[in-house]
Amino acid sequence: MTEPRTPEVVGSIVDLRERIAQARAAAIAEGGAGRVSLVPTMGALHEGHLSLVARAGELADVVVVSIFVNPLQFGDPTDLDLYPRTLDTDVAKLTPAGVDFVFAPTAREMYPNGASGTTITAGPVGSLLEGASRPGHFDGVLTVVDKLIKISGADVVLFGQKDAQQVFLVQSMVTDLNTPVQIEVVPIVRADNGLALSSRNARLSEAEQDGALALNAALAAASAHYGAAADALAAARAVIEAQPLVKLDYLVVVHPETFLPVDDDYRGPARMLVAALVGGTRLIDNTALGTTDPDFS
Ligand code: AMP
């Protein structure tokens, strides 16, 4: 379903449910399966987001993109205020991609009880890594994802591997809570120089953009030296420490099934995760180690 069409922008939950039900019925009447896909985003869309949208169109007849800067997942009110809000540009970017609905609710529509409503708790992995730097972040992410799944009634929801811990926690949530939805993970989209695309890259000066390349270069060095986890970590750390503009937050190798750090002598399939401050901008990246399985990319 990738014919260009201007998406219908919907702000109300009731209206979105009604319009999706109509679109689903119309797709079935035309002989389709009537499947609905959902791509949750916070807007400021780039090619990374658009690759999720393209895949969503392959998997379903009706494509919904949500654009909602979720206050529940921001610990720092300044960070929330500074987050770019570019709805008109985002809708224009989605038009060639074949999107049916953009769900762009207000915070009040999503959280009529403010911060005092019921929320989802991410469990122990939610407090590690990104969760250690941003306490409560993943509780906010899972709460909004659970709500968006129920609001849209989506059959499939798409996430980027760029946010590997988010992918792990969302997959855990739908398993643990028996949520009847398929989670589809899309590989990281990178610039030609290897930098993982992110809305935050726009904040980098030219010198910082060069410095930021140390993150993906570190992951590449780790892949090249993967034998045991300790070797991969040493290779990656050397690349980052050679770049004065990059201040490392964490560099770890985690087990794909537990998302917990592996022992130094571990040699099996794993994922390396890096987070660093480049100037004032916090960037994350990750790569699979010890596997050539494309589904594990
Ligand atoms: P965000 O708007 O930052 O919450 O991101 C929305 C979705 O886009 C998430 O599932 C992200 O993982 C995904 N995403 C962001 N950047 C990229 C990228 N460079 N490659 C693939 N997916 C991405």
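In which sense do strand β8 and β9 pair, and over how many bridges? Strand β8 (residues 270-278) pairs with β9 in the antiparallel sense over nine bridges. This is a predicted model, in which local features need pLDDT of at least 70, side-chain atom pairs count only at pLDDT 80 or more, and totals for chains, interfaces and linings use all residues. Residues are numbered from 1 along each chain as its sequence is written, and side-chain values use heavy atoms, leaving out hydrogens and water.

**View 1. The open sheet β7-β8-β9.** Three strands line up here in the order β7-β8-β9, with antiparallel pairing (strands pair if DSSP finds at least two bridges between them; strands are DSSP runs of E, at least two residues, and helices runs of H or I, at least four, numbered from the N terminus). β7 (246-254) and β9 (281-289) each have a single partner strand, so one side of each lacks a neighbour in the sheet. Look for L273, which stands opposite N286 in β9.

**View 2. Helices α9 and α10 side by side.** The axes of α9 (residues 206-224) and α10 (residues 229-241) come within 8 Å and cross at roughly 155° (axes are lines fitted to C-alpha atoms, for helices over the stretch in contact, with angles from 0 to 180 degrees between N-to-C directions). That makes α9 roughly antiparallel to α10 (angles over 145 degrees). The contact (heavy atoms within 4.5 Å) includes A214 and A217 of α9 and V239 and I240 of α10.

**View 3. The helices over the sheet.** Both α9 and α10 lie across β7, β8 and β9. Helix α9 runs at about 20° to β9, while α10 runs at about 165° to β7.

Conventions
Parallel < 35°, antiparallel > 145°, perpendicular 65-115°, else oblique.
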